[in-house]
Amino acid sequence: CDNVPVYLFTNAPLIWCKTVLSASGLDKYITDEHIISCDHDVMLYHEDDGFKPADVVYQTVQQYINNVHHLEDPLYIFVEDSFKNLVPIIGDESWFPVYFNQNVVWNAPNNVAVIHNTKECKMLIDKILHRKRVDDE
């Protein structure tokens, strides 16, 4: 996904995220600057509003990423393992909700993709990005 910013947006603290990313080898794809954790400055500013799934948290993350990257017509592909954290963005055209669950075979609503492993995740993201590029032409 060249030139596409990839972020980790989580309710977990930064130290836990760094440990997990390092152990999984994903730290080469997601730098510390691209981890929006519960103790990230932008999240601490809204600490009283709560974390996922509070609506304001998604708006805050969206504004933060836009301010950093100055994106035109961005699409946020949001992969989440807790369905309740997808609910606030279902139907929002700026977000593409993806439910990651290795064990459950489930028919999600039409506007929510379901994946079961990281290979499916990469294929889905490639497909979405390709479709977005075609739509933008």
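The model is a predicted one, so local features need pLDDT of at least 70 and side-chain atom pairs count only at pLDDT 80 or more, while totals for chains, interfaces and linings use all residues. Residues are numbered from 1 along each chain as its sequence is written, and side-chain values use heavy atoms, with hydrogens and water left out.

Charged pairs come up first. A search of the whole structure turns up 2 salt bridges, a salt bridge being a side-chain nitrogen of Lys or Arg within 4 Å of a carboxyl oxygen of Asp or Glu. In one, Asp 32 pairs with Lys 18, with the closest N and O atoms 3.2 Å apart. This pair links distant parts of the chain, as Asp 32 sits in the loop between α1 and β2 and Lys 18 in helix α1, 14 residues apart. Helices (H or I, at least four residues) and strands (E, at least two) are DSSP runs, numbered from the N terminus. Asp 32, at 37% relative accessibility, is partly exposed, and Lys 18 is partly exposed too, at 35%. Here buried means under 20% relative accessible area, exposed over 50%, and partly exposed in between (1.4 Å probe, protein chains only).

The other bridge joins Glu 80 to Lys 52, the closest N and O atoms being 2.9 Å apart. Glu 80 belongs to strand β3 (residues 76-80) and Lys 52 to the loop between α2 and α3 (55-69), so this bridge ties together parts 28 residues apart in sequence. Glu 80 and Lys 52 are both buried.

As for the cysteines, the search finds 0 disulfides, which would be pairs of cysteine sulfur atoms within 2.5 Å. The sulfur of Cys 38 has its closest cysteine sulfur in Cys 17, but at 7.6 Å that is too far for a bond. Cys 38 is buried at 16% relative accessibility, and Cys 121 is buried with a relative accessible area of 16%.

His 40 lies in the loop between β2 (35-36) and α2 (41-45), and counts as buried at 15% relative accessibility. A polar atom of the His 40 side chain lies 3.0 Å from the backbone nitrogen of Val 42. Leaving aside neighbours within four places in sequence, His 40 is in contact (heavy atoms within 4.5 Å) with Ile 35 and Tyr 64.

Finally, Val 20 sits in helix α1 (residues 14-24) and is partly exposed, with a relative accessible area of 35%.

Technical notes
A polar contact is a pair of N or O atoms within 3.5 Å; within protein, one must be able to donate a hydrogen and the other to accept it, and residues adjacent in sequence count only if both atoms are side-chain atoms.
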